[in-house]
Amino acid sequence: MRFWLPLLAALATCACGPSGGSGAVEVAVIGAPDSLFQQGVRLSPAAQHLRAATHEGLVTLDQAGQVVPAVAERWIVTDDGLSYIFRLRDSTWPDGDEITAADVRQQLRDALARVKGTSLGLDLGKVRDIRAMTGRVVEVRLTAPMPDFLRLLAQPELGFVKAGSGAGPMAMSRNEETGVARLTALPPETRGLPAREDWEEVARPVAVRALSARNAVAAFSRGEVDLVLGGTLIDFPLAEVGPLSRGTIQVDPTIGLLGLIVKSEEGFMADPARREALSMAIDRGALIQSFGLSGWRESSWVVPPGSFSAPPFPADRWDGASLEDRRRIAAARVRAWATGPEREAVVRLALPRGPGSDVLLRGLARAWGEIGVSVKRVAPGAPADLELRDTLARYASPRWYLNQFNCSLGAGLCAPQADALVRQSLAEPDAAAREQLLIEAHAALVEREAFIPLGVPVRWSLVRGTIRNYQPNGWALHPLFALSQPPT
């Protein structure tokens, strides 16, 4: 399902941007100025885009979000789903050395060590062994089948690096004064592909910078950039008042988590039933209507029912109960607590700065005011009862959602029983039994009331008509290498 803003799309024109269809493609990714060159395993969206362009791994994602070859030219999966065997292309590191199976084995082992203790490390929990079978063949063995394993391997954080440089498909030079990264597509022959005589004519450079949402929209309006990436719900109101006649707003059909993670279990928040009352009181459809977005998918569950092979629970958590009925039950729970001495039903809500946060705050304050709860806004990082969580999924399995609340991450309230069930699923060979463990883990997490879901994350871009090979996709990762290539 794709988000559409019909009026905005109708106003799009083919007006030329700074590149005019030739020269460097000018890209702004929304983020802090230094976020573009961020290192480590917890990368900002800007750093993810840059890392994917310069540090590819075995596989990567194309502009449609599909897994395609990278350092591996092809692969096979054994019938039991436990072994992935990759044949490497004949390519080299930036220093000219051949990329060997032994290199890749070490790269993957190092990556597993780096991401340990992160949600990505939990996602890779089924990796049992990595072997270099010959000079150009690598095998990855799993403890249990994982249909989304290739998509996980395509994550930018798992890109290969040697002596500080990646294997492409683009080379980067950095302007220290302006903070602009200039990317140049490497010739095909250096990447184990057939040479093209016209490569220098058809491969356009890409210039990337990180800007605040307000500055990125302004730069697009002035014609200084061709493409803006990385917009979220928090800054979406800025795009709505942006340059409608100069480009198009594209919204990715994402999956992931958008909601409020519980940070405190004291006072009013101590009882799971009262935490559920806050969730029951929210009119999710009305909340998003304030943004003027169509096609947004709301959710009252941590894991969307459609993530399982067959939905194990109804689409609506409260089985179709009316908003009025839900609020009546929620208000009764609030009153029962507030009758105690010196008890005031107040929730401290941590939201990032941005016009979208203001819209969210007003909507939540109205909803919770209906059940007798008032809201106090606090800055991110300050002591809070609830904090906005806005995270894109890396793959579509229920395990991704459950891993986001693993107790080892210390993100907020968690459910040790859910973690134990997820760990048990890692080695379960039977698909039905494995899914049942994840269903039970989800039930344990929901019973804990550790999260108040709202719906899917929102990711938007501003795309000028001259941009080629851009495509909205469910992962909101838009490969910069594709922008440099002739139309496909």
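Reply: Let's start with a word we need: contact means heavy atoms within 4.5 Å. This is a predicted model, so local features need pLDDT of at least 70 and side-chain atom pairs count only at pLDDT 80 or more, while totals for chains, interfaces and linings use all residues. Residues are numbered from 1 along each chain as its sequence is written, and side-chain values use heavy atoms, with hydrogens and water left out.

Now find Trp368. If you skip its neighbours within four places in sequence, it is in contact with Leu260, Leu278, Ala281, Ile282, Val347, Val373, Val375 and Leu386.

Buried is under 20% relative accessible area, exposed is over 50%, and partly exposed is in between (1.4 Å probe, protein chains only). The largest core has 116 residues, and the members that touch the most others are Leu278, Trp368, Leu386 and Trp460. Helix α15 (residues 431-448) gives the most to this core, seven residues. There's also a second, separate core of 25 residues, with Val25, Ala210, Leu229 and Val463 among them.

Next, follow strand β18, residues 386-392. Helices (H or I, at least four residues) and strands (E, at least two) are DSSP runs, numbered from the N terminus, and two strands pair if DSSP finds at least two bridges between them. With β16 (residues 346-350), β18 pairs in the parallel sense over two bridges, and here Ala350 stands opposite Glu387.

Stay on Asp390, because it lies in β18 while Arg459 lies in strand β20 (residues 459-463), and this pair ties together parts that are 69 residues apart in sequence. The tie is a salt bridge, with the closest N and O atoms 3.0 Å apart. A salt bridge here is a side-chain nitrogen of Lys or Arg within 4 Å of a carboxyl oxygen of Asp or Glu.

Note on methods:
Core = buried A, V, L, I, M, F, W, Y, C linked by side-chain atoms within 4.5 Å.
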